[in-house]
There are 2 protein chains.
Amino acid sequence: MRKYLNEVTPETETAKVIGWVHEIRDLGGLSFYILRDRTGFLQATIVKKKAPEAVLNAARDVSRESVVMVSGIVKPTEKAPGGRELIPEEFEIISRAETPLPLDVSEKVLAEVDTRIDNRYLDARRPKINSIFSIRSNVTRALYEFMFSEGFINITTSKIVAAATEGGTELFPIAYFDKEAFLNQSPQLYKQMMMAAGFDKVFEIGPIFRAEEHNTTRHLNEATSIDVEVSFADHNGVMELLEKVIIAAYGAVEKNCQNEIETLGIEFEVPKTPFPKVTYAEAIDIAAISIDEEISYGDDLSTAAERAIGDEMGEHYFITDWPTSIKPYYAMPYEDEPEICKAFDLMHPKMELSSGAQRIHQHDLLVEQIREKGLSPDSFEFYLKPFRYGMPPHAGWGLGMERLIMTMLDLPNIREAVLFPRDRHRLTP
Amino acid sequence: MRKYLNEVTPETETAKVIGWVHEIRDLGGLSFYILRDRTGFLQATIVKKKAPEAVLNAARDVSRESVVMVSGIVKPTEKAPGGRELIPEEFEIISRAETPLPLDVSEKVLAEVDTRIDNRYLDARRPKINSIFSIRSNVTRALYEFMFSEGFINITTSKIVAAATEGGTELFPIAYFDKEAFLNQSPQLYKQMMMAAGFDKVFEIGPIFRAEEHNTTRHLNEATSIDVEVSFADHNGVMELLEKVIIAAYGAVEKNCQNEIETLGIEFEVPKTPFPKVTYAEAIDIAAISIDEEISYGDDLSTAAERAIGDEMGEHYFITDWPTSIKPYYAMPYEDEPEICKAFDLMHPKMELSSGAQRIHQHDLLVEQIREKGLSPDSFEFYLKPFRYGMPPHAGWGLGMERLIMTMLDLPNIREAVLFPRDRHRLTP
């Protein structure tokens with residue numbers, strides 16, 4: 001029975017392992033083969049005078065990053081990583097790597113992100129990179145577990161759509177047989193329809209597509225969105241839920257990913273709750289103090305403004321009570337002050353993570369707001385119809401998976417949080 | 001505190017509930033309002049002589065499928081569904097439905113599937129339809145739980161790709177800025193790359209897109225695929241895993257969805273394991289006995305052939321040992337009989353659910369097989385490169401979520417298993 005490398009301890013007597021040859025060191029009479037799998041490292045030590053001929057031959061032939069099967073006796077030793085070494089009795093090359101490698105997996109300094117992503121299959125062999133995606137997988141697990149345990153229904157909505165969610169910009173067009181279609185920017189309209197269908201509480205974790213032209217370290221053209229919608233909830237209810245979701249994600253990483261955190265060499269702390277709330281008006285004031293650019297009430301928050309506010313706050317926080325004019329048409333205006341709406345953003349000190357709102361559930365008000373934004377209600381007919389036949393009040397949000405991972409692990413570039421990023425210039429691998 | 005309708009029992013004293021008005025029956029001095037939410041039904045009984053004026057007014061104004069809040073005293077009664085009724089002290093219309101409704105939610109006979117999907121927000125209010133998606137959500141939950149508990153890493157791969165997985169057919173083209181791109185048919189190449197990256201065991205549940213022209217009751221142009229890939233496993237290993245996955249899905253439904261099964265009025269049984277295996281050659285022989293059409297070794301299995309074999313088998317089964325010529329280039333040929341390969345299909349008596357194989361992990365053999373299929377290795381460069389630098393042996397499969405649900409619940413049309421189907425003619429809602 002094959003063992004993972006972390007299953008081989010100083011107490012193990014014999015082991016059969018499979019792994020990649022991470023490093024080879026030849027000291028004359030002795031040679032060391034550091035094996036690697038997703039669980040860790042193991043040193044195979046070959047004493048040339050004692051090793052079987054077949055082991056010596058295979059070990060001489062093997063190249064770094066080849067896949068090998070090694071079996072033999074395990075000995076405790078202070079000198080090897082993990083306090084044990086494997087003395088091979090069998091050494092078989094399962095899949096030989098060509099030389100030279102396009103990317104050096106064992107080097108301590110990482111290559112440029114572009115080179116690395118071009119060779120993601122090698123790049124992701126690095127423990128640091130593997131750790132990021134192990135953590136992302138753990139976060140995904142925590143999110144599903146949390147949402148299901150809270151009674152949410154998981155839904156799957158179409159990514160090919162006939163109309164834009166928020167007007168006609170930033171869409172990738174598709175040739176859908178003889179029709180024009182688009183890749184969906186957000187499941188927003190669909191999850192709202194499921195509120196009309198009485199699904200009560202739904203979530204979806206899936207891809208969203210935005211044809212944004214700008215190439216930054218915080219934007220992707222294809223991303224993963226965690227989308228939630230809740231009937232009979234208001235903006236405060238879903239902010240509380242969002243806080244719990246963030247804590248569930250961080251909590252799972254703290255509990256299950258200590259090795260990965262250590263490999264990444266980061267400081268990791270579960271955020272304190274409740275997250276403070278500042279209104280948009282207060283946020284603008286905070287930003288105005290410390291940034292040079294002009295900023296007026298009703299402006300969107302620039303990157304510089306977000307940073308200034310984030311520096312001041314120093315922790316996760318909500319920005320609430322946004323001007324209705326700069327939020328999407330479906331955000332619910334306050335009854336007594338309709339120029340402000342029940343929308344919020346969840347911010348990490350470094351960037352926005354999530355946007356949400358109580359939604360408008362009254363058909364006529366929604367039509368009015370769509371017109372107000374210069375859009376045509378006619379293009380939203382399939383969306384508007386449900387609002388005429390018993391649409392409950394509801395609220396929800398969308399949370400960016402990659403930004404959640406990026407800020408959690410203090411990654412310098414959002415491309416580090418996705419295996420195969422898509423940006424303005426990148427379509428492969 | 002609001003109660004879900006199934007939380008109101010004959011023992012409850014008072015309750016405040018929110019729901020949709022499913023039916024209204026006026027018997028003169030008495031009127032009944034059958035309320036509905038995703039958990040069930042509750043009868044609100046208004047005795048006109050005794051009810052508060054405000055309750056009478058609201059109840060008179062309300063229309064079917066409106067959202068209402070009702071609170072009052074609960075009384076046990078044999079005559080109402082669930083053995084209890086609510087005597088309203090408050091009755092508030094939260095969201096009024098216009099009349100007439102585009103689709104009758106309470107009617108016993110369902111409308112045509114096209115009409116229903118056009119009005120999915122109403123259609124999905126029906127307990128039968130809601131039950132399908134509640135079960136689908138439970139299956140999704142079971143799949144994530146099972147895969148994570150087996151130590152799999154969840155991955156997310158790009159849906160926008162530069163090249164086809166299996167050659168140039170059946171692809172939806174996208175305008176990706178100034179480049180041509182496609183919607184991905186399958187995460188196949190990506191999950192194989194993650195084997196090269198040492199991820200060991202990965203899964204992804206996500207959308208796949210196929211521009212198939214034909215419009216049948218078993219095909220969708222956008223579907224959900226459950227994809228799995230395992231290093232150091234062969235076809236037998238992943239068949240065993242697939243069997244466990246099917247049992248996990250059925251087992252969760254049996255355990256958690258008895259109400260839904262009852263609502264759907266279906267017979268539900270967890271399949272027996274192990275699923276029998278027949279070779280392709282045996283399957284052809286079985287089909288030849290009972291179908292009229294000509295069928296020769298090396299032909300793909302027609303729908304009629306699949307049905308004939310399914311009738312004979314009468315349970316889930318695997319078809320193994322396929323001719324290499326009719327399986328994709330990445331299926332591993334048997335070493336001693338290369339015209340047959342280590343590919344398999346998992347079949348429900350009514351249709352194919354999953355295809356899988358041990359994959360070729362040797363670069364040169366893979367290039368040869370790609371050429372054999374009349375494809376150009378040049379268009380697969382990003383995919384082929386990993387095979388040169390330590391690709392482990394591996395195997396995997398893809399399982400269609402909608403077909404799993406369709407066969408599990410004996411649905412007549414695959415469109416019943418997806419909220420917003422996309423087919424040859426349908427792009428909305």
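**Strand pairing in chain A**

Reader: How many bridges join strand 1 of chain A to strand 2 of chain A, and which way do they run?

Author: 6 bridges join the two strands, and they run antiparallel. This is a predicted model.

Reader: Which residue stands opposite A:I24 in strand 2 of chain A?

Author: A:Y33 does.

Reader: And how many residues lie between strand 1 and strand 2 in the hairpin?

Author: 3 residues lie between them. In the turn, A:G28 has a positive phi of about 90°.

Reader: What else does strand 1 of chain A join?

Author: Strand 1, residues 14-26, is also joined to strand 4 of chain A. That pair is antiparallel, with 7 bridges. A:W20 stands opposite A:V67 there.

Reader: Follow strand 4 on. In what sense does strand 4 of chain A pair with strand 5 of chain A?

Author: Antiparallel, over 10 bridges. Strand 4 covers residues 67-76. One bridge there pairs A:G72 with A:P88 of strand 5.

Reader: What about strand 3 and strand 5 of chain A: parallel or antiparallel?

Author: Parallel, over 2 bridges. Strand 3 is residues 40-47 and strand 5 is residues 84-95. A:Q43 has A:E85 of strand 5 as its bridge partner.

Reader: Switching to the surface. Which residues make the nonpolar patch of about 230 Å²?

Author: A:L27, A:L30 and A:V47 make that patch. A:L30 sits in strand 2, residues 30-37.

Reader: Is A:L30 buried, exposed or partly exposed, and what is its relative accessible area?

Author: Partly exposed, at 31%.

Reader: Now the whole chain. Which domains is chain A divided into?

Author: Domain 1 is 2-95. Domain 2 is 122-276 + 315-417. Their centres, taken over C-alpha atoms, are 47 Å apart.

Reader: What does the C-alpha trace of chain A span along its principal axes?

Author: About 85 × 55 × 40 Å.

Reader: How many helices and strands are in chain A?

Author: Chain A has 12 helices and 17 strands.

Reader: And what share of the residues of chain A count as buried?

Author: 61% of its 429 residues.

Reader: Last topic, confidence. What is the mean pLDDT of chain A?

Author: The mean is 95, and 99% of the residues reach 70 or more.

Reader: What ipTM and pTM does the predictor give the complex?

Author: An ipTM of 0.96 and a pTM of 0.97.

Notes: Residues numbered from 1 in each chain as written. Chains lettered and ligands numbered in written order. Predicted model: local features only at pLDDT ≥ 70, side-chain atom pairs only at ≥ 80, totals over all residues. Heavy atoms only, no water. Domains from an automatic or database assignment. Patch = residues over 30% accessible without salt bridge, like charges linked within 9 Å, V, L, I, M, F, W, Y side chains within 5 Å. Areas by Shrake-Rupley, 256 points an atom, 1.4 Å probe, with all protein chains shown as cover. Salt bridge = Lys/Arg side-chain N within 4 Å of Asp/Glu carboxyl O. Helix = DSSP H or I, 4+ residues; strand = E, 2+ residues; numbered from the N terminus. Buried < 20%, exposed > 50% of the residue type's maximum accessible area, 1.4 Å probe, protein only. pLDDT = per-residue confidence, 0-100. Pairing = 2+ DSSP bridges.
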